[in-house]
Amino acid sequence: VTLASRQSTKTTAYNVILLWDAIFNRDRKSLICAHDAASASDFVERIKLAYEMLPNWIKPGIKEWNKRSVTFSNGSRISSAPATSAARGKSINAYLVLDEFAFVENDKEFWAAVYPVVSRSSNAAIIICSTPNGTRNMFYEIYNGALLNLPGNVWTDFRVDWWDVPGRTEEWRKETLAGMNNDILKFN
């Protein structure tokens, strides 16, 4: 479970992990769920761009290439969907990525629907990543459980603050805060 500041390259990191897994393993199925349809499509576009930048000798062939999924000749597939309808009827044996999970509406119902899709596979992993969005959401509950190592917790917490991102200095913070009318709540 990752709590990260905006623009900290978290999306790039897990897209690379999913692409690597799909290229070097056969019949792997991954799903990226985003809080809206546009964001979901954007993830596949980023994966396609990374694939195109690889040298030809490392690329598997492409069987399917559309705005929400890529299927490789080795049987691996990376798809994306909005969190509203994401995983019903899907089979995931590689990665389930929940991006900006703190912003998913009806997050408890979504979690109840999506978690079983991965829990039946012994080789699958879930990556949950979000910027914070208050304390009344499923992301907060999961992240806080990991942070405090609450009983029954199965998660590991990881946090990226704004000062952890290269180039973000105190001067950057002051300029950004000024651009937000010095509203520290919005900045945080």
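Where does Ser 73 lie? I looked this up before anything else, bearing in mind that the model is a predicted one, and I found Ser 73 in the loop between strand S4 (69-72) and S5.

**Entry: the loop residue**

I noted a relative accessible area of 44% for Ser 73, which makes this residue partly exposed. Leaving aside residues up to four places away in sequence, I listed Pro 60, Gly 61, Ile 62 and Lys 63 as the residues that Ser 73 touches. I also looked up a pair separated in sequence, and Ser 73 and Arg 26, which are 47 residues apart along the sequence, have their C-alpha atoms 8.9 Å apart in space.

**Entry: Thr 71 and Arg 77**

I then turned to Thr 71, which I found in strand S4. Its relative accessibility is 11%, and since buried means under 20%, Thr 71 counts as buried. The side chain of Thr 71 is joined to that of Arg 77 by a polar contact of 2.9 Å. When residues up to four places away in sequence are not counted, Thr 71 touches Gly 61, Ile 62, Lys 63, Glu 64, Ser 76 and Arg 77.

Which residue forms a salt bridge with Arg 77? I found that the partner is Glu 64, with the closest N and O atoms 2.5 Å apart. Glu 64 belongs to strand S3 (residues 62-65) and Arg 77 to strand S5 (residues 77-82), so this pair ties together parts that are 13 residues apart in sequence. I recorded Glu 64 as partly exposed, at a relative accessible area of 30%, and Arg 77 as partly exposed too, at 28% relative accessibility.

**Entry: the other salt bridges I followed**

A search of the whole structure gave me six salt bridges, and I wrote down two further ones. Arg 46 forms one with Asp 42, where the closest N and O atoms are 2.9 Å apart; both residues lie in helix H2 (residues 37-53), four residues apart, or about one turn of the helix. Arg 46 is partly exposed at 37% relative accessibility, and Asp 42 is partly exposed with a relative accessible area of 33%.

The other joins Lys 108 to Glu 141, with 2.8 Å between the closest N and O atoms. Here Lys 108 sits in helix H3 (residues 107-119) and Glu 141 in helix H4 (residues 138-148), so the pair ties together parts that are 33 residues apart in sequence. I read a relative accessible area of 41% for Lys 108, which is partly exposed, and 41% for Glu 141, which is partly exposed as well.

**Entry: Tyr 51**

Is Tyr 51 buried or exposed? I found Tyr 51 in helix H2, and with a relative accessible area of 8% this residue is buried. The charged end of Lys 59 sits over the ring of Tyr 51, at 5.1 Å from the ring centre. Not counting residues up to four places away in sequence, the residues that Tyr 51 touches are Leu 19, Lys 59, Pro 60, Gly 61, Ile 62, Trp 65 and Phe 72.

**Entry: ring pairs**

I counted nine aromatic pairs. One of them, formed by Tyr 14 and Phe 43, is tilted, with 6.1 Å from centre to centre and 40 degrees between the planes. Tyr 14 lies in helix H1 (residues 10-24) and Phe 43 in helix H2, so the pair ties together parts that are 29 residues apart in sequence. I found both Tyr 14 and Phe 43 buried. Elsewhere in my notes, ring pairs link Phe 101, Phe 110, Trp 111, Tyr 115 and Trp 155 into a cluster.

**Entry: nonpolar cores**

Which residues have the most contacts inside the largest nonpolar core? This core has 24 residues, and I listed Leu 96, Leu 98, Phe 101, Phe 110, Trp 111 and Ile 128 as those with the most contacts inside it. At least two residues of this core come from each of strand S2 (29-34), strand S6 (95-99), H3, strand S7 (125-130) and H4. Apart from this core I found another of 20 residues, including Leu 18, Ile 32, Ala 34 and Val 44.

Note on methods:
Residues numbered from 1 in each chain as written. Predicted model: local features only at pLDDT ≥ 70, side-chain atom pairs only at ≥ 80, totals over all residues. Heavy atoms only, no water. Salt bridge = Lys/Arg side-chain N within 4 Å of Asp/Glu carboxyl O. Buried < 20%, exposed > 50% of the residue type's maximum accessible area, 1.4 Å probe, protein only. Phe/Tyr/Trp six-rings, centres within 6.5 Å; stacked < 30°, edge-to-face > 60°. Lys NZ or Arg CZ within 6 Å of the ring centre and 35° of its normal. Core = buried A, V, L, I, M, F, W, Y, C linked by side-chain atoms within 4.5 Å. Contact = heavy atoms within 4.5 Å. Polar contact = N/O pair within 3.5 Å; in protein donor to acceptor, adjacent residues only side chain to side chain.
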